[in-house]
Amino acid sequence: MVTAVRHLGPNWYASVMGTAIVATAGAGLPLHLPGLRTACTAVWALSLAMLLALLAARALHWTYHRDQARAHLLDPAMAPFYGCLAMALLAVGGGTLVVGQDWIGLRAAVVLDAVLFCAGTLIGLTAAVAVPYLMAVRHHVHPAQATPVWLLPVVAPMVSAALGPLLVPYLPPGQPRETLLLACFAMFGLSLLATLLMLPLVFARLVTGGPLPLALTPTLFLVLGPLGQSTTAVGKFADFAPGVVPPADAQAFSLLAVLYGVPVMGFALLWLGLATAHVVRARRQGMRFTMTWWAFTFPVGTCVTGAESLSHHTGLAVYDGLAIVLYGVLVAAWATAAVHTARGLLSGALLAGPRPAPVALRPVTARTT
């Protein structure tokens, strides 16, 4: 077991995020299908079990393979995935209040979500500072190396911004509630501005440097994360602001939910089409399964919750339809990634170390006489 976790990187937390969002996004659908909520609660329970198992495995990794853990931190391709640890904690915590309370009770759900939210937010804010710092002083990356993976550490505070308002009603009235809501709004701004700095690098690399390597092509879907999550966040601010902030501020949050969410969701759909075209091209050229396929899950799930929020605040049926269609895509992507991951774990292929590049042999020239 100790040897098996040597190459277990922080990118594995993406599987927890992708599973948890299936539960929370499904619970908010404008559908009343029998058994849907129970199925979502079961998926949340699975995400919680996955989180606990992965935390234990990563603890073994740091205890017995510190050299590899340090190597991950100094690897510009792996270090950004430390943002996934924060988002996994936050996603499971948010799901606890959305659906988990059906099985564990409201009191336990509030306590568990509060613990996971605080831990996830602290880790997310740390990653949002530490990873860009390492990129600047230790990684020495070049603009030609830019990928959507760079967005991961700066997106984590946006997940806190979207899920933190769920805890507002359980705080004492007055300043505690307003402080949490405005702290979430501050994290929304922090993450949004950082994303606006990073995203042009990614787009410029894509346009001027050509398509990403096949294995990294699914990471184009990561751009949907800050778009869908920010749309979800402004919707949550509008939902929980009444009675917490002054009426004028609550009205401003309601306007922001629509005036920000509608154009951003439009851009998300544009990017979804672009990313899908790249994935189809990569698939035709032989793209095989890697853990990057989990990028098809959580980012799409945030677009589902974003569409659900817009449906609530605009009353337009088109957003109901969009949420349902995107949720179908999410479930299909999650099932595909989950099956391939389970298969790779059973075979041991996903836990194996990177294979060395093949060495070309020099041609031998025979002497003739």
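**Notes on a predicted helical model**

1. Let's start with helix α11, residues 317-347. Helices (H or I, at least four residues) and strands (E, at least two) are DSSP runs, numbered from the N terminus.

2. A quick word on where this comes from. The model is predicted, so local features need pLDDT of at least 70 and side-chain atom pairs count only at pLDDT 80 or more, while totals for chains, interfaces and linings use all residues. Residues are numbered from 1 along each chain as its sequence is written, and side-chain values use heavy atoms, with hydrogens and water left out.

3. Back to α11. Its buried residues are Y319, L322, A323, L326, Y327, L330, A333, A337, T341 and G344. Buried means under 20% relative accessible area, exposed means over 50%, and partly exposed is in between (1.4 Å probe, protein chains only). An α-helix has 3.6 residues a turn, so residues three or four places apart point the same way. What do the buried residues of α11 pack against? They pack against α1 (13-27), α2 (36-64), α9 (247-284) and α10 (298-314), where contact means heavy atoms within 4.5 Å. Just after α11 comes G348, with a positive phi of about 85°.

4. Now look at α2 with helix α3 (residues 66-73). Two packed helices are described by the angle between their axes and the distance between the axes. For α2 and α3, the axes come within 5 Å and cross at roughly 105°, so the two helices are roughly perpendicular to each other. On the α2 side the contact is made by R58, H61, W62, T63 and Y64, and on the α3 side by R66, Q68, A69, H72 and L73. Those residues divide into 4 nonpolar, 4 polar and 2 charged. Axes are lines fitted to C-alpha atoms, for helices over the stretch in contact, and angles run from 0 to 180 degrees between N-to-C directions. Under 35 degrees counts as roughly parallel, over 145 as roughly antiparallel, 65 to 115 as roughly perpendicular and the rest as oblique. Ala, Val, Leu, Ile, Met, Phe, Trp, Tyr, Cys and Pro count as nonpolar, Asp, Glu, Lys and Arg as charged, and the others, Gly among them, as polar.

5. Two loop residues are worth a look. H140 sits in the loop between α5 (106-139) and α6 (152-163), has a positive phi of about 55° although it is not a glycine, and is exposed at 60% relative accessibility. G164 lies in the loop between α6 and α7 (175-209) and is buried at 0%. Leaving out residues up to four places away in sequence, G164 touches F117, L180 and C184.

6. How many disulfides are there? The count is 0, a disulfide being a pair of cysteine sulfur atoms within 2.5 Å. The sulfur of C84 is 16 Å from the closest cysteine sulfur, in C303, too far for a bond. For C118 the closest is in C184, at 11 Å, again too far. C84 is buried at 2%, whereas C118 is exposed at 52%.

7. Finally, Q229 in helix α8 (residues 224-240) is buried, with a relative accessible area of 5%. Neighbours within four places aside, Q229 is in contact with M158, V159, A162, L224, F298 and T302.
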